[in-house]
Amino acid sequence: MRPHFSGPPPERGLFCNRTLNMRAIKAVGYDMDYTLIHYRVEAWERRAYEYIRDRLVEQGWPVADLTFDPMLAIRGLIIDTAKGNLLKANRFGFVKKALHGSRPMDFESQREAYNRTVIDLADRRWVFLNTLFSLSEACIYAQLVDRLDAGQLPGPMGYADLYEHVRKNLDATHMQGRLKAEIIADPERYVIDDPETPLALLDQKNAGKKLLLITNSEWAYTEPMMHFAFDRHLPEGMTWRQLFDVVIVSARKPEFFTTRSTLFEVVEANGEALLRPHSGPLDKNKPYFGGSALELERHLGLSGDEILYVGDHMFGDVHVTKNVLRWRTALILRELEDEVRAIAAFRATEVRIGERMLKKERLEAESCQVRLELQRRRVQYGPRTDVTEGELVTRLTELRTELEALDAELGPMARAASELSNPHWGLLTRAGNDKSHLARQVERYADIYTSRVSNFLFATPFVYLRSPRGSLPHDPSLPGGTPVFTTGDGAGSGPTE
């Protein structure tokens, strides 16, 4: 009798942009926060927000009444520090949605502000929300823009000055370590338990892969959090330290991947973590501080596409490792689970949109032909039919009426599509009918992406992940671009704005 293997639910799949043979991967490196350890986003970001707000109150700012709004920002948005706006751009860098402060911009205001603008993230004006840690920062910045416009903040101050002030207070909040101390003291409140993650890593380790932990968190935070998340789910007598061949804390990513820095050994003495300069091979039983990816490669005797790095930060974990080191990359997008479920729940409406868009395209095509016939008839050039001008005008009026009725039917469905997952911004990976700026970066820099590390459990350490055939506008599809859902005959329906 053959064993039966059931696949994961759709939202927990491994999604492949570039074919990846896991059997060829010799080492797998992991980030910790929002990668190996997932936080309750609203709980964490609310407390981070409150710490920033309370610092501003201490500085005399009238903001004590502000509260965290979890719907105001999502990962992948862009802060325009020059204009005080939150933006969602498509893959080409064109702005598709915008809030000024916390208020939606109307079409004309948005067009006037960004009609000639293509977002280039290399420009310091734009701040990309790379990770879930950015949500509290974006939320309070947007709300402070409202206060600045109302003349309620100390001045003189521009939108860029305001962002720098928020950023400075955010950095100070993390430097003080009060929030992390609160999480260490009550991890159940902030951490989502996932017993499958340790098992997935055990599979990889016992399949012969070296496991690396490379985190920007300091040792005093890393050790208790990894103990809480892993040790109770490992075989008896085993700790998380035995899972990893190399542990590097305070790595300073992305600089860890691009520059060289002194490597220190973390020495625990009298309840404190001290640093001692280190040279030579790395000891798997000792944690390290700082260092560089090149030094790590030399120690492992591996480089490039022999190493897979898994993290949640679009730039610091995925973009840089791909561009500089040519490591294979995996991006963790926890929000993907809600996104996939939302798309599935919307499927029936999506099919109806596709059917009506087909009809709309046929009516529009006929309308264009009728208008051209009228034009040729009136200017007296080119081939013409025997249909009278009066009949053409009547048909054009009928077509216009049918199209208006279709638009009235499509409008509410299109609005519902644009508000899936979030009433302000819609889906993470879509900007109108196009891919979002985040989706373009995922496509470009992440070989694979998935919602959580434990999804590797379904695929096994021996999986051969194949990317789908790339699509272009001339490939067969229904209106609205490449289908989101496929049916048995290969047809599908694309999202509609």
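Author: Ten strands form an open sheet with mixed pairing, in the order S1-S20-S17-S16-S3-S11-S12-S15-S13-S14. Strands here are DSSP runs of E with at least two residues, helices are runs of H or I with at least four, and both are numbered from the N terminus; two strands pair if DSSP finds at least two bridges between them. The model is predicted, so local features need pLDDT of at least 70 and side-chain atom pairs count only at pLDDT 80 or more, while totals for chains, interfaces and linings use all residues. Residues are numbered from 1 along each chain as its sequence is written, and side-chain values use heavy atoms, with hydrogens and water left out.

At the edges are strand S1 (15-16) and strand S14 (272-277), each of which pairs on one side only. Strand S16 (residues 307-311) and strand S17 (residues 328-332) are parallel, joined over four bridges; Leu308 has Arg328 in S17 as its bridge partner. Helix H11 (residues 314-325) packs on the sheet and touches S16 and S17, where contact means heavy atoms within 4.5 Å. The direction of H11 makes about 165° with that of S17; axes are lines fitted to C-alpha atoms, for helices over the stretch in contact, and angles run from 0 to 180 degrees between N-to-C directions.

Helix H8 (residues 219-230) lies across strand S11 (210-214), strand S12 (246-249), strand S13 (263-269), S14 and strand S15 (287-290). H8 runs at about 130° to S12. Phe244 touches residues including Leu211, Leu212, Leu213 and Met226, not counting residues up to four places away in sequence.
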